[in-house]
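Here is a short briefing for a reader who is new to this structure. Look over the sequence and the model, then read on.

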Amino acid sequence: MSSFELTRYVTIGQYIPADSVVHRLDPRVKIILFAMLVLTAAFASTYTGNVVMAAACLLVLIVSRVPVGYGLSGLRPALPFVVVLFILQVLFLGKGPGTVVLWQAGWFSVTADGLKIAVVAVMRFLEILCLVSVLTLTTTVNDLARGTEALLRPLARIRFPVHEVTLILTITVRFVPTFAMEMEKLVKAQASRGADFGHFRWWQVVRRTKQTFPVIIPLFVSAMHRAEDLITAMEARGYVPGARRTTYTEYRMQARDGAAAVLVVAFCAAMWLIRFPV
């Protein structure tokens with residue numbers, strides 16, 4: 001991945017308008033179903049289970065009519081972290097008695113159990129990242145906010161700040177691509193002044209980290225300025241935390257929402273009940 005192509009590979013927080021079944025789902029139902037899929041992926045502990053889960057993620061991506069290449073490109077920024085996670089899991093886990101040693105060099109060894117744990121952990125992480133990306137790619141920020149607030153509304157009876165928590169989550173998701181764009185601008189500005197942001201391979205984690213340090217402080221300062229501007233804009237529009245509010249949009253469940261719920265619940269139940277051999 002080039003140092004100047006950051007926003008191209010940030011899919012979380014982006015939205016692609018399309019006329020698909022996933023786009024037309026009720027945001028409340030969509031959030032619940034994707035949460036179920038994320039939990040199912042998080043507890044898939046076998047090779048076969050993760051392969052089935054990965055196929056399900058790819059199927060959801062295809063049904064949502066999001067370009068598959070673009071949807072999967074959101075996994076590229078996480079590859080350095082995935083490589084480090086895989087290496088640490090392989091070298092330091094699965095060292096119990098009776099395990100099959102596949103490779104050993106001094107204090108380091110690779111066992112069959114350690115390799116399985118590492119592969120499963122990496123697949124889980126990528127599946128969850130893919131599902132979150134598809135959720136934001138098929139749902140506008142406003143729909144995510146209203147859907148989340150509607151789901152958390154019963155907690156208001158115990159004085160839980162539903163609207164404030166929803167607002168924080170929405171702003172967080174909304175500003176992910178904004179900060180990626182800001183970082184890309186900072187990288188280009190420093191490169192034009194002679195900073196070394198040469199091409200590198202995605203596995204060169206140390207070099208990538210060193211290149212990131214010079215843009216961290218300017219990015220942090222920019223984030224503070226944006227937060228101050230956002231506060232000023234909200235105050236200018238009369239925003240008062242804790243005030244009672246109504247919503248212009250009212251969601252009603254349709255037949256497609258029930259059908260999607262049946263399919264996802266059946267799939268998740270099958271994943272939880274079926275014990276895959278490996």
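**How α3 and α6 pack**

Helix α3 passes helix α6 in a left-handed crossing. Their axes lie 10 Å apart and pack at an angle of about 15 degrees. Angles under 35 degrees count as roughly parallel, so α3 and α6 are roughly parallel to each other. Please note that this is a predicted model.

- On the α3 side, the contact is made by Y47, N50, V51, M53, A54, C57, V60 and L61.
- On the α6 side, the contact is made by L115, K116, V119, V120, M123, R124, E127, C130, L131 and V134.
- By class, the contact of α3 with α6 has 14 nonpolar, one polar and three charged residues.

**The chain as a whole**

- The protein chain has ten helices and two strands.
- In what order do the elements run from the N terminus on? The order is α-α-α-α-α-β-β-α-α-α-α-α.
- The protein chain has 278 residues, and 34% of them count as buried.
- Take the contacts in the protein chain with a separation of 6 or more: residues 24 or more positions apart account for 77% of them.

**How α5 and α6 pack**

- Helix α6 (residues 112-137) also meets helix α5 (residues 79-92).
- The axes of α5 and α6 come within 8 Å and cross at roughly 155 degrees.
- Angles over 145 degrees count as roughly antiparallel, so α5 and α6 are roughly antiparallel to each other.
- Is the crossing of α5 past α6 left-handed or right-handed? Helix α5 passes α6 in a right-handed crossing.
- From α5, the residues in this contact are F81, V82, L85, F86, Q89 and V90.
- From α6, they are G114, L115, I117, A118, V119, A121, V122, F125 and L126.
- By class, the contact of α5 with α6 has 13 nonpolar, two polar and no charged residues.

**Nonpolar cores**

- In soluble globular proteins, nonpolar side chains tend to be buried together.
- The largest nonpolar core has 28 residues.
- Which of its residues touch the most other members? They are F34, L37, M53, L131 and V134.
- The elements that give two or more residues to this core are α2 (27-42), α3 (47-63), α6 and α10 (255-273).
- Helix α6 gives the most to this core, with seven residues.
- Leaving aside neighbours within four places in sequence, F34 is in contact with V22, V60, L131, V134 and L135.
- Another core, of five residues, lies apart from the largest one. Among its residues are M183, V187, V215 and L219.

**A41 and A42 at helix α2**

- A41 is found in helix α2, and A42 is found in helix α2 as well.
- Is A41 buried or exposed? At 0% relative accessibility, A41 counts as buried, because the cut-off for buried is under 20%.
- A42 is partly exposed, with a relative accessible area of 29%.
- Not counting residues up to four places away in sequence, A41 touches M53, R124, E127 and I128.
- A41 and M271 are 230 residues apart along the chain. Their C-alpha atoms are separated by 9.1 Å.

**M123 in helix α6**

- M123 is found in helix α6.
- Which residues does M123 contact, leaving aside its neighbours within four places in sequence? M123 is in contact with N50, V51 and A54.
- The C-alpha atoms of M123 and A41 are separated by 8.7 Å. Along the chain, these two residues are 82 residues apart.
- The C-alpha atoms of A42 and M123 are separated by 9.4 Å. Along the chain, this pair is 81 residues apart.

**R65 in a loop**

- R65 is found in the loop between α3 and α4 (68-73).
- Its phi is near 60 degrees, a positive value in a residue other than glycine.
- Most residues other than glycine have a negative phi.
- R65 counts as exposed, at 56% relative accessibility, because the cut-off for exposed is over 50%.

Conventions:
Residues numbered from 1 in each chain as written. Predicted model: local features only at pLDDT ≥ 70, side-chain atom pairs only at ≥ 80, totals over all residues. Heavy atoms only, no water. Axes fitted to C-alpha atoms, helices over the stretch in contact; angles between N-to-C directions. Helix = DSSP H or I, 4+ residues; strand = E, 2+ residues; numbered from the N terminus. Parallel < 35°, antiparallel > 145°, perpendicular 65-115°, else oblique. Left-handed = near helix turned anticlockwise from the far one by under 90°. Contact = heavy atoms within 4.5 Å. Nonpolar A, V, L, I, M, F, W, Y, C, P; charged D, E, K, R; others polar. Core = buried A, V, L, I, M, F, W, Y, C linked by side-chain atoms within 4.5 Å. Buried < 20%, exposed > 50% of the residue type's maximum accessible area, 1.4 Å probe, protein only.
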